[in-house]
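Open the model in your viewer and keep the selection panel at hand. The tour goes from one selection to the next.

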Amino acid sequence: MSKIIDGLYYSESHEYVKVDGEFGYIGITDYAQHELGNVVYVDMPEVDDEVAAGEEFGAVESVKAASDLLSPVSGTVVEVNEALEDEPGLINKDAFENWIIKVELSDKSELDGLMDAAAYKAMIGE
Amino acid sequence: MNNVYYGKLIFELSKEGRCGYSLPENECADYKMADLPANLMRAEAPALPEVDELTVVRHYTNMSNNNFGVDTGFYPLGSCTMKYNPKINEDMAAHPAFTGLHPLQPAGTVDGALEVYYNLQMSLAELAGMSEFTLNPFAGAHGELTGLMIIRSYHMDRGDVKRTKIIVPDSAHGTNPASAAVCGLDVVVVKSRPDGTVDVEDLKPLLDDTIAGMMMTNPNTLGIFEHNIAEIAKLVHEAGGLMYYDGANLNPMLGKVRPGDIGFDVMHINLHKTFSTPHGGGGPGSGPVGVRKGLEQFLPNPRVMKDDVDHFYVENNDKSLGFISGFLGNFAVIMRAYTYILTLGYNNIKNVGPLATLNANYIKESLKDCYELPIGGVCKHEFVFDGLKDKSTGVTTLDVAKRLLDYGFHSPTIYFPLLFHEALMIEPTENESKETLDGFIEVMKTIAREAKEDPEMVKSAPHNTPVRRLDDTQAALHPIVTYRELQAEA
């Protein structure tokens with residue numbers, strides 16, 4: 001049973017957004033980290049890079065596979081989680097605590113197109 | 001599978017001062033080392049192991065016994081076409097008349113080698129329905145890059161400079177977008193339908209005058225024939241683009257379908273898959289590229305040609321995309337593939353595709369009651385299971401793969417393609433006997449039963465191998481690949 005947190009926004013490609021005012025913390029869900037297995041590398045954008053909803057902004061590489069990261073929302077990267085560079089396995093320890101990028105949201109209405117916890121839970125069949 | 005593990009390193013066998021040879025007195029003893037440029041001099045002697053010949057021979061023989069290859073057992077690695085490498089290929093590639101050649105010899109002194117090149121170029125052209133092939137690219141992805149450069153050269157030659165995009169299906173091998181990026185093309189992804197084939201309706205709006213072409217693997221990554229290929233090719237051609245055929249899955253087509261006959265303009269072949277040359281680890285590979293009539297002038301330099309008195313020569317063409325490799329590719333690999341084609345002959349080679357297809361379907365139909373088959377119907381040379389049918393046991397595809405090792409089989413490809421969570425991709429090739437296929441099917445059924453009766457035993461497999469589950473996370477994060485690093489760890 002994967003951990004799902006109420007109040008976050010979820011995408012079909014298993015990323016989440018945790019909204020904090022004008023900012024959003026983007027990471028992969030607990031379900032996604034479990035499916036991927038041990039994460040060995042996280043490819044992240046740089047601060048000031050633009051991300052667009054539905055577009056790739058990096059990749060997560062695990063012992064099983066490399067998967068593109070798709071941004072659920074558009075905006076400007078204001079911070080990347082540098083701890084993941086040395087310890088990518090943090091994502092396996094707690095995927096929600098260890099977000100990947102922090103983005104200044106350019107269009108908050110995009111959040112309406114994402115799933116809430118209940119809808120995401122239904123999508124992954126748990 | 002050999003279960004006595006040999007784990008020594010040659011450096012651990014070293015004894016200071018031990019030597020396996022005696023040399024005559026050095027006649028160049030008065031040569032002044034100081035005359036050599038300082039930047040070329042070593043500061044200290046290299047740390048080489050000091051061992052006698054018998055120790056070296058035993059070391060590498062014992063180490064080779066750790067290996068699992070197609071010569072030791074069944075190797076159903078999907079998407080890789082791990083077919084048997086007939087030994088006559090090795091005999092021909094090792095023939096002194098060829099191994100003694102130097103790549104800088106004048107063309108007039110290597111007529112025989114050039115004849116091999118020319119004949120293989122023409123054999124591949126005949127089998128693939130193309131006009132001409134180059135054998136210069138060193139590998140499949142190198143062939144992809146070469147093919148895309150041909151497509152670019154074709155558009156540039158017509159002064160059509162705005163075609164900078166290439167269409168790639170979302171189910172494609174990762175090399176397709178990578179090759180396109182290296183070639184300076186922007187990748188546009190076309191979606192698949194649930195059965196893994198290209199969604200024609202999703203393709204239509206992508207086609208405009210900025211499209212250079214489309215890359216396709218047929219049958220696709222799921223082993224399914226793209227039955228809309230004629231319509232797809234027509235749409236891409238009407239938009240002014242060229243069709244590129246990724247030859248990774250050519251094996252089931254061999255003798256039945258020629259890419260040139262179903263609308264493809266440019267293609268590559270992996271000799272190390274379809275034409276039985278060694279594959280994986282040992283290599284090296286070879287990725288010949290073929291073109292349809294009208295595109296020959298863009299092939300890379302140099303090309304091997306034949307004149308009207310049956311002499312062979314090499315030619316450089318001004319319209320060519322240029323050189324993509326030193327000399328003429330991997331000659332020994334070319335020699336093996338040519339031998340394979342001649343050994344089978346035209347009539348037998350037509351059975352390769354049908355037998356590879358029959359073997360894959362035989363396994364698929366025999367196991368679909370125990371393993372989840374996401375895409376039914378007839379597959380080509382390979383197919384994908386989505387893990388065990390009974391998901392309640394908690395036994396994953398990784399566990400099944402590890403348990404297979406206990407029974408002496410190499411695991412199929414796992415967790416690829418990404419379209420399924422528990423992908424198990426099986427490709428038996430045409431070489432395997434019915435007895436081998438039945439043995440594999442029996443073991444796969446046994447593992448499915450074990451998963452129900454004793455899931456913990458399967459989840460802790462392998463049990464009979466010299467090493468158990470290795471720490472693949474640490475291997476990726478913290479690889480130790482030299483003796484010096486190992487010493488530093490200790």
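How far apart do the C-alpha centres of domain 1 of chain B and domain 2 of chain B lie? The distance is 32 Å. To see this, select residues 101–349 of chain B for domain 1 and 352–465 for domain 2; such bounds come from an automatic or database domain assignment.

This is a predicted model, in which local features need pLDDT of at least 70 and side-chain atom pairs count only at pLDDT 80 or more, while totals for chains, interfaces and linings use all residues. Residues are numbered from 1 along each chain as its sequence is written, and chains are lettered from A and ligands numbered from 1 in the order in which they are written.

Stay on the two domains of chain B. Here 17 residues of domain 1 are in contact with 15 residues of domain 2 (contact: C-beta atoms, placed from the backbone, within 7 Å). The domain 1 side of chain B that touches domain 2 consists of eight nonpolar, seven polar and two charged residues (Ala, Val, Leu, Ile, Met, Phe, Trp, Tyr, Cys and Pro count as nonpolar, Asp, Glu, Lys and Arg as charged, the others, Gly among them, as polar).

Next, show chains A and B together. Their contact takes seven residues from each of chain A and chain B. On the chain A side, three are nonpolar, two polar and two charged.

Finally, select strand 8 of chain A, residues 75–80 (strands are DSSP runs of E, at least two residues, numbered from the N terminus). Strand 8 pairs antiparallel with strand 5, residues 50–51, over two bridges (pairing needs at least two DSSP bridges). There, A:Val51 stands opposite A:Gly75. Strand 8 of chain A is also joined, antiparallel, to strand 9, residues 101–105, by five bridges. A:Glu79 has A:Lys102 in strand 9 as its bridge partner.

How values were computed:
Helix = DSSP H or I, 4+ residues; strand = E, 2+ residues; numbered from the N terminus.
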